[in-house]
Amino acid sequence: MVRVSVQLQEHLLSSSAFMEQLQNQESMFLVAESAAGYSLASYYTSLGLFVISVPGLWSLIKRSVKSKIVQKTFIGEGGGKKEPAQVAGEILSFFTRNNFSVTDRGEAITFEGIMVPNRGQAALLTFCTCISLASVALVLTITFPDFGNNWFWITILSPLAGAYYWKRASRKEEIKVKMMVADDGTLSEIVVQGDDQQVEQMRKELQFSEKGMVYVKGIFER
């Protein structure tokens with residue numbers, strides 16, 4: 001009986017050692033698999049970046065060379081301190097400096113000129129394209145790992161977006177300005193219709209405030 005008990009105990013010890021060895025091999029396999037691959041969270045995060053950024057990339061590039069026409073109503077800072085003729089002269093001087101000329105002096109004065117490419121806009125477009133292509137490369141790296149990190153070489157195509165903008169951004173623009181004068185002869189409102197960038201530049205240089213809006217200067221403007 002003692003011999004049978006000893007044999008049974010040895011068998012249990014050997015079985016326990018075998019199971020422990022099997023568990024160790026299984027955990028080593030799981031560690032190796034996680035080290036070699038990517039987690040699902042990482043994959044779906046990258047896929048989300050891909051879905052969000054890439055489809056709108058070409059649309060962003062195309063819209064960068066087109067006008068965004070807006071109509072805004074401004075009032076000069078300081079209310080009626082400036083005479084309408086003085087404000088009109090400042091508006092004319094602004095557009096003249098920016099290579100615009102008067103083509104119509106009807107109820108609204110029409111200025112016509114050529115918009116030129118902006119270096120800051122080209123740099124921003126190149127940067128956004130680089131980020132989008134990097135997202136594509138990250139997804140491709142996970143989906144097709146055989147090619148490795150070589151997928152990130154597609155980011156060298158991002159300057160093409162800036163070049164596309166620089167080549168096509170020159171265009172003819174038309175800005176309409178209408179000045180509203182109150183019964184007492186003071187300037188009431190200035191209605192401006194035209195390209196969003198040009199209108200915003202005019203607002204900043206001539207220190208106009210948009211009607212119904214409170215403008216707070218940014219930290220770089222103080």
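Predicted model: local features only at pLDDT ≥ 70, side-chain atom pairs only at ≥ 80, totals over all residues.
Numbering starts from 1 along each chain as its sequence is written, and side-chain values use heavy atoms, with hydrogens and water left out.

**Exercise 1.** Work out how many helices and strands the protein chain has, and in what order they run.

Start with the counts: 7 helices and 6 strands. Helices (H or I, at least four residues) and strands (E, at least two) are DSSP runs, numbered from the N terminus. Next, read them off from that end: α-α-α-β-α-β-β-α-α-β-β-α-β.

**Exercise 2.** Find what share of the protein chain is buried.

Take the cut-offs: buried is under 20% relative accessible area, exposed over 50%, partly exposed in between, with a 1.4 Å probe and protein chains only. Apply them to the 222 residues and you get 25% buried.

**Exercise 3.** Describe how the rings of Phe 95 and Phe 111 sit together.

First, the rule: rings of Phe, Tyr and Trp (its six-membered ring) pair if their centres lie within 6.5 Å; planes under 30 degrees apart are stacked, over 60 edge-to-face, the rest tilted. The whole structure has 6 such pairs. Phe 95 and Phe 111 are stacked, at 4.4 Å centre to centre and 20 degrees between the planes.

Then place them: Phe 95 is in helix 4 (residues 84–97) and Phe 111 in strand 3 (residues 109–115), 16 residues apart.

Finally, check the surroundings. Phe 95 is buried at 1% relative accessibility, and Phe 111 is buried at 3%.
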